[in-house]
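Reader: I would like a close look at a single part of this structure. Please take me through the surroundings of the ligand, step by step.

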Amino acid sequence: MKKVILTILVLLFISALLSCQSSSLIKESADIRDNAVNHAIWAMSAHNMQPWQVVLDKKNPLALDLYIDSSRLLPATDPYSRQIIISFGNFIAVLEDYANSKGYSCEYNLFPEESLLESSNGENYTSSVARIVFSENEELKEIFRIDSLSGATVKRHFDPVIFNQAEKNELTDLSEFDDIRIFILQEEDVISELKTILIDSFSIEMKLESTLMESFDLTRRSEKERREKAWGLSYLGAFPASTVGLVEFFDRTFPMKPEKWGEIGIKNYISEIETINSYLFINSKNNSRESQIHTGIALQRIWMELLKRGYAFLPASQPLQEYPEMNELYTDVHEKYALNGETIQMIGGIGKTDRKYKSGFRISAEKIIQNN
Ligand SMILES: Cc1cc2nc3c(=O)[nH]c(=O)nc-3n(C[C@H](O)[C@H](O)[C@H](O)COP(=O)(O)O)c2cc1C
């Protein structure tokens with residue numbers, strides 16, 4: 001009898017512990033800004049660098065400021081921090097979706113300060129990215145996508161999908177910005193040229209020492225590494241949950257030389273791109289910092305909508321990268337898929353996937369929010 005009671009007590013203790021752990025994944029706070037940031041950390045960012053810092057306004061309980069964390073830039077892959085700034089748009093889109101779902105609208109004032117940060121190539125840009133203010137609003141749209149972020153990001157084993165015109169419009173209409181043009185390409189002859197550009201540019205990124213090493217060094221290969229450095233890349237979106245542990249174990253036990261790692265990456269990428277039939281483009285009329293933020297907002301909304309509908313999205317930024325070795329393909333992709341003067345800010349493949357993957361990893365909201 002004693003044994004039975006003891007077992008029940010132990011089971012009750014374990015289940016209390018587990019429920020405590022799962023509810024602490026996203027902690028609810030009395031401050032809407034804390035809750036919004038707790039969700040926004042799951043936004044997409046270039047190389048998952050999560051370059052954002054948040055400062056809560058002490059005087060206004062509905063206001064916060066966003067800054068760039070200059071220790072999390074991508075000097076080799078993204079020398080002008082174009083992708084980093086886009087990532088702030090992603091963050092803002094989730095803040096907005098969360099606020100809307102709680103009955104608040106979200107106003108954002110971009111680049112409010114003059115403070116300048118020197119990027120790796122000497123160009124100056126402001127380190128203060130946006131001031132965000134929430135306000136109660138009873139007449140908000142009823143469509144929220146915030147829950148879509150609770151699943152895993154999947155980047156492999158896509159099944160092809162072809163959208164009809166109405167579905168295409170539903171996705172591309174998610175941007176209300178005049179400086180942004182979004183379209184989806186699926187025609188066989190058009191995408192076959194694109195696939196060649198995507199594969200060639202990925203090969204450049206994986207063979208050039210500076211960009212290869214940036215990705216190689218940022219890849220986290222165990223839970224421990226992901227806890228200690230909770231930004232960067234991993235294999236979680238590339239291998240199903242059932243095998244990723246084993247893949248990581250082999251990678252740690254028999255470490256590959258970066259060149260070999262790059263070669264395998266190229267091989268896997270080719271098979272992925274060959275399967276994907278549907279490619280989304282986000283082009284901006286100019287390449288201003290504001291249009292980069294607008295790109296990120298549109299991208300995040302589209303990504304969440306795709307997740308909500310059971311699709312996966314594989315960003316393919318390589319031909320848009322701005323270093324000399326990529327110049328030729330950058331020009332080629334713009335000549336083929338941009339109108340005069342436009343900058344292509346994002347290309348991504350869309351597919352279906354039903355395999356089970358583990359969720360990604362992020363820096364906690366507590367660490368993102370600065371207490372000054
Ligand atoms: C501007 C931008 C560019 C990106 N480029 C790529 C890319 O070229 N290839 C890729 O696999 N993911 C790309 N991503 C996605 C991120 O690497 C990452 O998958 C995303 O932040 C989700 O993180 P998670 O996979 O850890 O959940 C990009 C994201 C952003 C915002």
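**Around the ligand**

Author: Start with the shell itself. It has 18 residues around the ligand, and M44, T153, P315, S317 and G360 come nearest. Keep in mind that this is a predicted model.

Now place the shell in the chain. Domain 1 spans 32–148 and domain 2 spans 152–352. Both give residues to the shell, so the ligand lies between them.

Next, look at the elements. Two of them, α3 (82–101) and β9 (311–315), each supply at least two residues of the shell. Which one gives the most? That is α3, with 4 residues.

So stay with α3 for a moment. The helix has 20 residues. From its first C-alpha to its last, α3 reaches 29 Å. That is close to the 28 Å expected at 1.5 Å a residue. Is α3 mostly buried or exposed? Of its 20 residues, 19 are buried, so α3 is largely enclosed by the rest of the structure. Just after α3 comes G103, with a positive phi of about 85 degrees.

Last, check the confidence. The protein averages a pLDDT of 90, and 89% of the residues score at least 70. One stretch to treat apart is residues 8–25, where pLDDT stays under 50. For that stretch the model has 0 contacts beyond four places in sequence.

Technical notes:
Residues numbered from 1 in each chain as written. Predicted model: local features only at pLDDT ≥ 70, side-chain atom pairs only at ≥ 80, totals over all residues. Near = placed C-beta within 6 Å. Domains from an automatic or database assignment. pLDDT = per-residue confidence, 0-100. Contact = placed C-beta atoms within 7 Å. Expected span 1.5 Å × (residues − 1). Buried ≥ 20, exposed ≤ 12 C-beta atoms within 10 Å, placed from the backbone.
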